[in-house]
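The tour goes from the whole chain to a few single residues.

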Amino acid sequence: MDITKDHLARHSEQQFVNKFSILVDSGAGLIHVRASEIMRAVLSVRKAVVTDGGEYKEWDVVNSFSTLHADNMLTAVRNPQPVEPGRIRYFIYLNPHVYMENNPHMTQLLLMYAQMLPSSNVCVILVTPDAPLPESAPQSLLSLRFETPGLGELKEA
């Protein structure tokens with residue numbers, strides 16, 4: 001395998017954080033992160049959120065939300081509790097794609113989020129394997145790809 005200069009110089013995490021920050025700063029309320037390395041992508045999202053001074057809750061199929069239950073999420077999105085100016089509340093979902101296929105409730109929820117979230121201080125992030133979401137997902141869902149590490153990152157690790 002030939003290693004190109006681009007691959008050698010690429011820093012996938014920093015590139016991802018820059019793109020992610022641009023989307024959040026532009027008011028994106030619903031972001032889909034496609035990654036081959038789910039946990040590495042989640043760690044990068046966490047780091048970006050904490051660095052930006054945001055609050056986050058994380059959901060996965062095993063643990064659910066640590067302190068916020070799923071039925072409280074709609075309430076939090078519809079009536080966000082006061083957040084300091086400039087702070088954003090993030091909800092990070094790991095591997096939600098398995099619940100999205102042929103699920104009209106999830107489709108409707110995402111459509112609602114796509115309309116409501118850009119005008120609030122709430123951002124929903126769906127972290128999935130590197131595959132497109134079902135066709136029923138809203139067109140306004142912004143997608144980012146979390147690349148595999150470049151050679152420089154691998155040497156650092």
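Strands here are DSSP runs of E with at least two residues, and they are numbered from the N terminus. The model is predicted.

**Stop 1: strand β5.** Select residues 122–129, which make up strand β5, and pick out Thr 128 within the strand. Is Thr 128 buried or exposed? Buried means under 20% relative accessible area. Thr 128 has 1% relative accessibility, so this residue counts as buried.

Now show the side chains of Thr 128 and His 32. A polar contact of 2.6 Å joins the two side chains. Which other residues does Thr 128 touch, leaving aside its neighbours within four places in sequence? Besides His 32, the contacts are Val 33, Arg 34, Ala 35 and Ile 38, then Asn 95, Pro 96 and His 97, and finally Leu 133.

**Stop 2: helix α3.** Select residues 38–51, helix α3, and find Met 39 there. The cut-offs for the middle class are 20% and 50% relative accessible area. Met 39 is at 45% relative accessibility and therefore counts as partly exposed. Not counting residues up to four places away in sequence, Met 39 touches Arg 46 and Leu 94.

**Stop 3: the surface.** Switch to a surface view and select Val 61, Val 62, Val 98 and Tyr 99. These residues form a nonpolar patch on the surface, and together they have about 420 Å² of accessible area. Exposed means over 50% relative accessible area. Val 62 reaches 72% relative accessibility, so Val 62 counts as exposed.

**Stop 4: the whole protein.** Zoom out and colour by secondary structure. How many helices and strands are there? The protein has six helices and six strands. Read from the N terminus, the order of elements is α-α-β-α-β-β-α-β-α-β-β-α.

Colour by accessibility next. Of the 157 residues in the protein, 41% are buried. The protein has an accessible surface of about 9,200 Å², with 54% of that area belonging to carbon and sulfur atoms.

Notes. Residues are numbered from 1 along each chain as its sequence is written. This is a predicted model: local features need pLDDT of at least 70, side-chain atom pairs count only at pLDDT 80 or more; totals for chains, interfaces and linings use all residues. Side-chain values use heavy atoms; hydrogens and water are left out. Helices (H or I, at least four residues) and strands (E, at least two) are DSSP runs, numbered from the N terminus. Buried means under 20% relative accessible area, exposed over 50%, partly exposed in between (1.4 Å probe, protein chains only). A polar contact is a pair of N or O atoms within 3.5 Å; within protein, one must be able to donate a hydrogen and the other to accept it, and residues adjacent in sequence count only if both atoms are side-chain atoms. Contact means heavy atoms within 4.5 Å. Accessible areas come from the Shrake-Rupley method with a 1.4 Å probe; for residues, only the protein chains shown count as cover. Patches are made of residues with over 30% relative accessible area and no salt bridge: like charges are joined within 9 Å, nonpolar side chains (Val, Leu, Ile, Met, Phe, Trp, Tyr) within 5 Å. A salt bridge is a side-chain nitrogen of Lys or Arg within 4 Å of a carboxyl oxygen of Asp or Glu.
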